[in-house]
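Please examine the structure shown below and keep it in view while reading.

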Amino acid sequence: MPSFFKRGKQVKNNPNKKDGINHNLPQPLNISLAVNLDFINQKTGNSSDIVIRTKKIGTHTQLTTAVLYVEGMVNEQSIQDFLIESMMNNSKDLNALGPQEALEKLAEDVVSLGHVTWVQEWDALFLSLMSGNTIILVDGVKKALNVSTKGGEKRAIEEPSSQVTVRGPRDGFTESLSTNTTLIRKRINSPNLWVESMQIGRVTNTKVAMVYVHGIANDKIVNEVRRRLKAIDIDSILESGYIEQLIEDQTSTTFPTLYHTERPDSVAGNLLEGRVAIIVDGTPFVLLAPAIFIQFFQAVEDYYARFDISTALRFLRILIFFISIIAPATFVAATTFHQEMIPTNLVIAIAAQRETVPFPAFVEAAMMEVTFEILREAGIRLPRAVGSAISIVGALVIGQAAVQAGIVTPAMVIIVSITAIANFATPSFAMAISARLIRFAFMVAAALFGFYGVILGLIMLILHLCGLRSFGVPYMTPIAPVIPAELGDTFIRVPWWALWRRPSFISSNRTRKGKNKHPQPPRSRGIVNTDMEQGDRNES
Amino acid sequence: MEKAKISSYQLFVLMFLFELGSALLVPLAMGAKQDAWIAILIGMVGGFFLFFIYLRLYFYYPDIPPTEYAQRIMGKWLGRCIAFFYILYFAYLAARVLRDFGEMLITFAYPETPLFITNTLFMLVVIYGVRKGIEVMARAGELLFVLMYLLAAVGFVLIVASGLIDLNNIKPILEEGIRPVVKTALTQTLFIPFGESVVFAMIFPYLNNPKKLKWTGLCALGLSGFNLAIAMAINISVLGVDLATRSQFPLLSTVQSISIAEFLERLDVFFMLALIINGFFKIGLFFYVTVTATASLFKIKKPSSLAYPLGIVTLLLSNTIASNFSEHLQEGLRQVPFILHLPFQVIIPLLLLIVAFFINRKKSSKQKNDIHR
C-alpha cells in the first residue's frame, strides 16, 4: 500500500512531466507578424473559433496589423465599434509613424475601450486571448496590445433553484464570475469588500476569486484559505466542488466542511460574519469557509423572519435531521428487538400486518429505502416531459400496491415516507445527502443489535462530528466546545436587536452593531402620525 | 502526552459523566439500606479529600502526568513500578466497567447475545473515541451532557407524575444509627465512584486554566454526588429497600415501573441507552488513561497506535474477569475496594504527596538559601 501511494506522488511531483501546454518557458514574441500568426495557428491547432483579422493601416507606410479574438468569448459589438472602426477612422493619424509608435498611438488614442495592457510573452498572450480579450499585433513590433473585450453569452440572473425562500431576494448567482462578484458588491457597498483573483488549473486556467470583508474576516483564516488555494495543482477546475475537495480539512467524512450556496444574500450575510467566499468562474455555487455544523440548518430566511418563528423552525430542522437519520433504524430496532417498548395495541396491529410479509423488518426497510433512492435518483435524471411518470410509478411502488402485494407493511411505508420527506426538508442538500448515506449504516446497526447498535452508532457519529474541523474551527462550535456567548444564533436565533456580536470563532472583529438597539417605540399609546390633542383618541 | 488542551468546563463535564458512569447502574451503597443516599453523600465528602490529594500532587508537577512525577518523586525504578501498576489498575477498571455494562445489556435487552459480542461492540466505540483524542471526547461530552441532563429531568418528571414515589420507603432515617452508614461510605462509596477520580490525575495536565481546577473538580464531584444520592433515594422510595437491594440494576427497575397513560411504559430501554452514554465516558476515560500512561511510561510517540492492542487486552480481560455476574458484583463491591482501590486511590497518592512535600520543601529552602547567599 504505502509504496503504491509513493509512486503516485512521485509522478505528481515530477516537474518535467507536466502537460506541457502553458508551461513552456516564457518566450517573447517574434518581430515579424507572419511568424507570430503562424505560431498562434500552430499552437491553437488552427482552431476555427479564433478570429484573425489582418488589415493594413496608414495610407503611406502600410503597416500590417492583426486583430485576434476568440469568437463567442468577446463582446463583438464593442470590438466592431470601438476597435476596428476607430482604427479605420484614425488611419490617417497613423501615417508616417514607425510600427512601434503606431502601436503606442493605437493604445493611447485610438482604442476607445476600457482596459488596455501590453503583452510581450506568449504565455500571457494566450492566457488573455483565451479568456476573451482581444490582441492587436503590429508587424515589426515585439509587443502586443491586449484589449479587454470580455463578453459573450451569459445566463440571465434567475431565482436560485436549490435554495428557495418565501421571503427574501430572488436573484441567484450565475456561471459568470464577474456577475457573481457584482451581486455581492451590490449588497456590501464598502471598500472593505476585498476581492482577490487567481487562476487555478494548469489546462483550464479557471478564474477563482476569494472574497472577504477586510477588518471583519479573521486574517489567519484568510491567509489559510489563500495558502490552500495556492497549493492546488490540478489540470482543471470545472466546478467549485473540485476546490471544495482539494481544500477541506478532513477527507474521510460524509459531512460537508465547506458551505456552498447559490444565494448572494446568503454569501453577503456570511461575509459579514467574517467568512471567506470562494467564487469559481463557471458555476453558480459559491463556497464559504469556514463552515460549522449548525450552519447547515440555518436557512437565509431565518434571518428575515421573526426570531420566534425562526427558532421554532430551527428546532424542527434538527428534529428532521434526526428523523432522517434514525427513523427507519428505530423502527427496525423496536420491531425486531424491543417490542415491549411499543404500546400493546400498536404492537398487535404491527404484528398483524407483519403476518403476511415474508421478510424481516430490516430487509423490508432496506428494500423500501433503496426503492425510494432509486425513485429519487431517477426523478433527477428524467427529462421534464416524463417527470410526471415518476410520481405515478412512485406512488405505486411506495404505497398501497406494495402493501397489497404483501411485500411491505403499511407501517413501514409510513416510516419510509416520513424519512424521505424529512430528508427533503433539510435546508442544505449537502447535509441531507450525507444523512441519507448514514441512515443505511444505522439501519444495519439496528438490525444487528437493536437500540444498542443505534446508540453506539450515535456516539460514534457525535465523536466523528466533534472531531471534524473546518479551517481549524471545530465543526460543532459553538455547541461543543460550548461558547455561551455565541449560542444566540444556533438552535435558537435571538432577535436582531440582541444579536450584537459576530461569532468570535470566525471573525476577528466582534462588534456587529451598537449595544442596546432594542426598538424604542414612543411611550405614548396614541397613534404616532396624527397630531394629537390630549385625550384625543388616546386609549389611556 | 498528546498535544491537547481542554477547558475547565469540559473537565467538569467529563468528571460528571465519569462519576455517574456505572455508579448509577449498580446497587450502590445498599449496605446502608434506606440510608444509601446518606452514605453516598458521606462518600462524596471523602471524595473531596481524595481529590485534594490529587490536586496537590498536580500543583507540585503541573506539566507532567503521574506516570512521570511518580518517577521524580520515588526515584526512577520504584516510580516506574508504581506507574506500571497504575496502568494495570486502570486497564482492570476499564474492563470491570465494560463487564458491568455488558451484563446489564444481556440482562435487560439481549438475553441471547453472548457477552463477548456486546463487549466487543462497546470496546470498538471506545477505541474509536480514544483514537480521536481527549479533545474530541471532551467535546462529545459537552453535547451528551446536555442530552443526559434533559433525559434525567424527563425521567424525574415521569417518575413523579406516575405517583410511584413513596417517601415512607426511605424512612426511618438512620434507623440503626450512623455507624453502618459511615461504614458503607468508607468501604464502598468513597472508592466507587468518588475515589475513581484518580484517573483525572492523568487528565489534569491537559487543562488550559489550572487556576479553576479546584472549583471545577469540587463542583463536578459535588453535583455528581448529589445526583447519585437523589437517584438512589428515588430508587429506594419507588422500589423499597428490599427490592432495591435485590435488584441488579435498581435504576432500570425504577424506570421500568413508570406507566403513564398506558403509553409511556417500559422506558427502561431509553434509560439503558442514556446509561450507555455515561458508561462510554467511564470506560473511555479509564481506557484513554491506560493508553496514555502506557505511552508515557514506555516512551511511545504515538499513543493512538496503542488503542487497538490494549483494547483487545481490555476486552479479553472483561470477559475473563469473573465467571458470572454475581461473582463480578461480589468482587467489585467486597474485594476490589480493599485490595485495589484503597492502595491505588488513597495510600500511594498519599505516600507520593508526603514524599513530594518533603522534596519540594527541601528544594524551595535550598533556593531560598541560594538567594540569601
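**From strands to chain contact**

In chain A, strand E3 and strand E5 (residues 144–147) pair in the antiparallel sense, and four bridges join them. Within this pairing, Thr117(A) has Asn146(A) of E5(A) as its bridge partner. The model discussed here is predicted.

Five strands of chain A form an open sheet with antiparallel pairing, and their order is E1-E2-E4-E5-E3. Strand E1 (50–57) and strand E3 (116–119) of chain A each have a single partner strand, so they stand at the edges and one side of each is left without a neighbour in the sheet. On average, neighbouring strands of this sheet are turned by 25° against each other, direction ignored. Helix H4 (residues 99–110) of chain A packs on the sheet, where it touches strand E2 (63–70), E3, strand E4 (134–138) and E5 of chain A. The direction of H4(A) makes about 155° with that of E4(A).

Chain A also contains the open sheet E6-E7-E9-E10-E8, which is built from five strands with antiparallel pairing. Which strands stand at the edges, each with a single partner strand? They are strand E6 (193–200) and strand E8 (259–261) of chain A, so one side of each is left without a neighbour in the sheet. In this sheet, neighbouring strands are turned by 25° against each other on average, direction ignored. Strand E7 (residues 206–213) and strand E9 (residues 276–280) of chain A pair in the antiparallel sense over four bridges. Here Ala209(A) has Ile279(A) in E9(A) as its bridge partner. Helix H6 (residues 177–187) of chain A lies across E6, E7, E9 and strand E10 (286–289) of chain A, and runs at about 10° to E7(A).

The next topic is the packing of helices. Two packed helices are described by the angle between their axes and the distance between the axes. For helix H11 (residues 307–336) and helix H17 (residues 429–467) of chain A, the angle is about 30° and the axes are 8 Å apart. That angle makes H11(A) roughly parallel to H17(A), and the crossing of these two helices is right-handed. Among the residues that make the contact are Phe321(A), Ile325(A) and Val332(A) of H11(A), together with Ile438(A), Phe442(A) and Phe451(A) of H17(A). By class, the residues of the contact of H11(A) with H17(A) comprise 16 nonpolar, four polar and one charged.

Helix H17(A) also packs against a helix of chain B: H17(A) and H5(B) have axes 10 Å apart and an angle of about 5°. That makes H17(A) roughly parallel to H5(B). In H17(A), Phe449(A), Leu456(A), Ile459(A), Met460(A), Leu463(A) and Gly467(A) meet Leu121(B), Phe122(B), Val125(B), Tyr128(B), Gly129(B) and Lys132(B) in H5(B). The residues of the contact of H17(A) with H5(B) divide into nine nonpolar, two polar and one charged.

The contact of the two chains can now be considered as a whole. How many residues does the contact take from chain B and from chain A? It takes 26 residues from chain B and 23 residues from chain A. On the side of chain B that touches chain A, helix H1 (8–20), helix H5 (115–132), helix H6 (134–161) and helix H11 (268–297) of chain B each supply at least two residues. This side of chain B has 18 nonpolar, three polar and five charged residues.

Technical notes:
Residues are numbered from 1 along each chain as its sequence is written. Chains are lettered from A and ligands numbered from 1 in the order in which they are written. This is a predicted model: local features need pLDDT of at least 70, side-chain atom pairs count only at pLDDT 80 or more; totals for chains, interfaces and linings use all residues. Two strands pair if DSSP finds at least two bridges between them. Axes are lines fitted to C-alpha atoms, for helices over the stretch in contact, and angles run from 0 to 180 degrees between N-to-C directions. Two residues are in contact if their C-beta atoms, placed from the backbone, lie within 7 Å. Ala, Val, Leu, Ile, Met, Phe, Trp, Tyr, Cys and Pro count as nonpolar, Asp, Glu, Lys and Arg as charged, and the others, Gly among them, as polar. Angles under 35 degrees count as roughly parallel, over 145 as roughly antiparallel, 65 to 115 as roughly perpendicular and the rest as oblique. A crossing is left-handed if the near helix is turned anticlockwise from the far one by less than a right angle, and right-handed if clockwise.
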